Structure formats: C-alpha cells, structure tokens
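Please open the model in a viewer and keep the selection panel at hand. The stops below are given in the order in which they may be selected.

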Amino acid sequence: MQSLWKKAVFCALILTSCLPVSAMNTTGKQPQEDPQNPVPFAAAVKKDGKWGVINDQAEVVIPMQYDKAAITLAPNNLQTRELSAASPSRWNLIEVQQGKKRGFYSREGQVIVPVSYTSRSAWMEDTVVVQTASNRNALYDINGTELAPAEYSYISPASDGMAAMKKDGKYGFLSISGNTILPQYEEVQSFADGLAPVKKHGKWGVIDKAGRTVVPSIYQETGPAYAEGLLAVKKDNRWGFIDKSGKEIIAPSYKKVQLAFQNGMAAVQDNQNLWGFVNSKGVQVIAPQYKAVYTPFSEGLAGVSTVDGKGYIHPDGRLAFMADYAQLFPFHDGIAEYRTGKITPSGYYASPSVSIGIGIGIGHGHHRHHPYDPFDWWPGIGIGWPYYPWGIYEPQLSVEMHRGYIDNTGRVIVSAANDHVFPMTETGSLVLNDNRFGYVNRKGEIIAHLVYRELIPDQTAGLLLAKNEDKKWGALSLTDGTEIIPFQYSELSATHSPSIVYKQNGRYGLMTNKGLHLTAAVYDSIADSDSGLFPAEKDGQWLYLSTSGKEVIHLPDSITDARPFVQNAAAVKENGKWGLINHSGQWIASPEFDDIQILPSHRE
C-alpha cells in the first residue's frame, strides 16, 4: 500500500511521470514566463567530466570547469519549494558547484555570486545570503552587487528591502539600496511597512529604515511585525496593539493576543483564559468566551473551541456550525480542510504570548523572524516554513492526521475517514481507500467511485485517467465521471496538451481527449513535451510528432535518442554524444557532449 500511495502522490503533484512514456500536468496551468523579459536560452553541457553552459549559438558562456550546473543546486526535496516562489529575474540565474563551494552566474555568463559559499538562503526580494566555509555571511543582489561582505555572523533574508545582520554580538540592518543601520540592538524583528521592532537596553521599540526611533524602547515584547498598520506589544505583562506612530490603539490589557491582525480582527485572551475578538479600532466585537481560537476569520468564519466543542463562528459571535475535529483550518473558496486522528504528546505547540521565539540563523545568531520570513538553513540552501500569525492559542498536541474537507455550512465534502485524502484542487480531490482510488469534486459529488487501481487527474485534458480491476486503462470526464475513453488500453499518459499517449498491443500512439486516435499504435515510445512536439521512436528511428499526430521532423538513422524541445531547441544523441537541434532538425550544437540539460526558463 505504501508504494501505491507514493505513486499516487507523484501523479497528483506532477513531480515525476507515473508511466514511462510521459510526464503529466494535472494543474491545467501553462508555464509562467514574463513575456516582456524572456530569459536567454541556456543549456548545461558536460564534457570530459566537467559541466559548463552554452547559449543558442553553441557559445560557451559559463566555463567547462564545474562539477555541477543547474538552475538550482538545492537538495531535491527543496527545489520545488524554492523555484515555486522565484521571481522572473531569478530564472536568469544558474548555480554552479566546484568542489564543496558554489556560486551563481547569469545566463549571459556574468558572475553574480563568486564560487565561494557552502550554504545559502533562497533568493528573497532579488537578494541572497551566502555563508562561507568560515561561517561568515555575505549579501548579494541579483545584478551581482555585493551588498555586504562576508564579515557578519548572521544575515537574514531580505524583508521590505531590509536584511537584519549581526556583528560583534549586536544586530543592525542592511538595506538593499546600500544603507546600513549600524549594529547596536540586542534583538530585532523584520521590517514591514517601513518599520521594524528592535530591542535595546532590554526593552523593545520601533525604528524606521533610516534608523530613527519611531516608538521608544518601553515594551517587554512585540509581535513579529506590523500587520494592517498595527503591532502587538507587551507592557506590564499585558498585551495590546500600537499604530505606526506608537499610539496605543488597544491598551495592553490582555494575557495573550493574536500577534498579527488579519481581515481587520485579532483574537485576544482575558484574565479568565477565555478568547474573544477585537477590531482594528480597539472595539471588542466578540466578548471573551472561547477556550481556544484555531483560525483567523476567513470568508466570514473563524474556528474556535466552545464549551460544547469545536466549531466555526460568524464575525458577530454567532455559532455557524459545530466542527469537532482534531484540527481546523481557514476557509478558501468556500472549503476548509479539517483533520482527525490519534492525539500524541509531541509536535505542535501553542503560540506563546510572545512572538514566534528565537530563530537560529546562519552562525546560530539569535534573531526573531517576520511571520512570513523564517529560514532554516540547510547544507547548500535554507528554506523555512511560515509561521501563521493567528497561531493556535491553547496547547495543541500533534496528530497522526487524516485530512478531510467541509464547506461553509459544515457539510463534509470529503471524509477524513478515508485512508488518504489528497489536497483539494480547483476541480476536486483524489481519494484513496482500501488500495483503491476515487475522485470527489468541490461540491462533494462523487465523480469516480473508489474502485480504481490507479487514477490520475488530467486537468489540461479534462479527464481522469483510470486503471480498472482488469488492469486496463480508460478515461472518465473530470466534470461528471462519464466514460470518455473505453477501458481497453494497457497504458494512458497525460501530456502538457489535451492529447493523450496510449499503449495498445505493446506499441504507443497519440489520441485526442475524446478518444479519437490521431496516430495508430506504431511507436516504440512517445515522450511528453510542453512545446507541442513529442519525441517518438518508431522501429529504431527517432522523430517528432505534432499535437495533431503528424510526423513533422524525421531524424537520421544515426540518432539514438531524442529529448523534448525547450525554447526552440532539443537535445539529441548521435554516436554516443549529445548535441542540440532546431525545429528544422539542423544542428545548433554539434554532438560532442557527454550530456546536455536544457535549463528551464520559467515555472510550470
């Protein structure tokens, strides 16, 4: 069951191909590239054991001297997370490795970050923090400017144009524009809306980007950053909120507070340990009466713990419906996740009455992080999970979780009683129970019953590719579950187009998403491509098929392998060596390389 579950995860998330002939796109979304600023073509090439990079003229733009070269050399489990948040300009960068050190080039061959670091952050606001082997940290921007030399024991990723740094035991800030606020603080938070909380002489205040004091250092603690114009502050062991001028909009009178306003409201706890809500004007809109608050208000609902159990309430405090599950989550587009499971005494912690606590950065410098800007550092890269400012307001134990979904009336859309419920998408959720897959739409309607050995949502084609009990593949409508492609194939694979690759009698062919054969099953293999040209092999000869099934490029018999087109070029193999061809089948780069990887120019 475990291997089946893992295969379903890969299918659902499009991290790899679930069948040997194609990779799949279940999102239905096209690659994201900035049409105003397309990045240049670049291909990483390997020769004599070393990697470099060539352009579309086959000119070497990054020397052939590196052990690795790619868009990112982050650990595999972090690459998707890093690139999913990458800015368009980030795609112009190529990371290289020589020995244990790494660096960055632009696609044109400009050195952006010298090959000098052993760890780095993700690129944030077009800047990156790098750490050398001597545990010193530097800051670079995306144009190759060294904003700060490698002389700091700690530098945070940039937030609101400012990066916190530590030197000689004190904290200050580095500005992306080049200004410096000298190290003088005992602790700092991140900038937001031009302001940052700082600790000096044992008390917290607020400064602006010029280093001027906006709020004097009079508070015991502060929240992680300003949100909706307000900052949580603690004085005389009670919490309240101040505005950007330092005026106490909500006087410090609560035992605990939600550390950041969201949608104009924040949860507050009184002396009887009961929670209620205040608005951004300081008006108590819901009197303290709840044992815990689990979510902020989202789409007019907040998850709370009442005397009768857990549920969701309206902004006026009226109970909307009970939802007595182990964990509650905010609503998105009318649906909220919930989780059930066995409670265990480890894992989750309640949000403390101070900000998220002390983060360990590079060099183990102590620095409080912005709620959306924490970074854990890994060998080669650091990417952290966000701290959600609404938190969990009472001790919350970890759960061996089963996911489910409810709508905004409390009706169960997908039950957590199933063995596994996959994350909800724009069309619905894949479900696994007793080693069989099914599919439920966002209304809770069953589109595919729990009877299939494998089930792959293909939103581009509008289909559910399914494998039945007889181990035959067919396809159902993703909308209503009607059979679109009969169950008579040994394999079906989705593509980046509405076309489907099928296998019949040991051979592959191409069909439409309605089941109409575009080609006969005469090919030894057909690979997916987002360029509209599918590499295919037929009787030992390589060629390319169009989305209509027409053979548009025939390659010489000497070609022994071919890969998909990327940015008007494709890697092909001749006599054991790789080169690049154009859409006419002509060589762009002669076959002289041990390997070629055309570098992506955008996020899919």
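Select strand 18 and strand 19 with the residues that join them: this hairpin has 4 residues between the strands, and Gly211 takes a positive phi near 85 degrees there. The model is predicted, so that local features need pLDDT of at least 70 and side-chain atom pairs count only at pLDDT 80 or more, while totals for chains, interfaces and linings use all residues. Residues are numbered from 1 along each chain as its sequence is written, and side-chain values use heavy atoms, with hydrogens and water left out.

Strands are DSSP runs of E with at least two residues, helices are runs of H or I with at least four, and both are numbered from the N terminus. Two strands pair if DSSP finds at least two bridges between them. Which residue of strand 19 is the bridge partner of Trp204? It is Tyr219.

Next, select Asp208, which is found in strand 18. Its side chain has a polar atom 3.0 Å from the backbone nitrogen of Ala210, and the side chain of Asp208 also reaches the backbone nitrogen of Arg212 at 2.9 Å. A polar contact is a pair of N or O atoms within 3.5 Å; within protein, one must be able to donate a hydrogen and the other to accept it, and residues adjacent in sequence count only if both atoms are side-chain atoms.

Is Asp208 buried or exposed? Asp208 is buried, because its relative accessible area is 13%; buried means under 20%, exposed over 50% and partly exposed in between, with a 1.4 Å probe and protein chains only. Display its neighbours as well: leaving aside residues up to four places away in sequence, Asp208 touches Ile181, Phe191, Gly194, Leu195 and Val214, a contact being heavy atoms within 4.5 Å.

Now move to the open sheet of 4 strands, whose order is 4-5-6-7 with antiparallel pairing. Its edge strands, each pairing on one side only, are strand 4 (68-70) and strand 7 (111-117). Within this sheet, select strand 6 (residues 101-106), which pairs with strand 7 in the antiparallel sense over 3 bridges. Arg102 has Tyr117 in strand 7 as its bridge partner.

Finally, select the whole protein, which has 2 helices and 57 strands. Buried residues make up 53% of its 604 residues.
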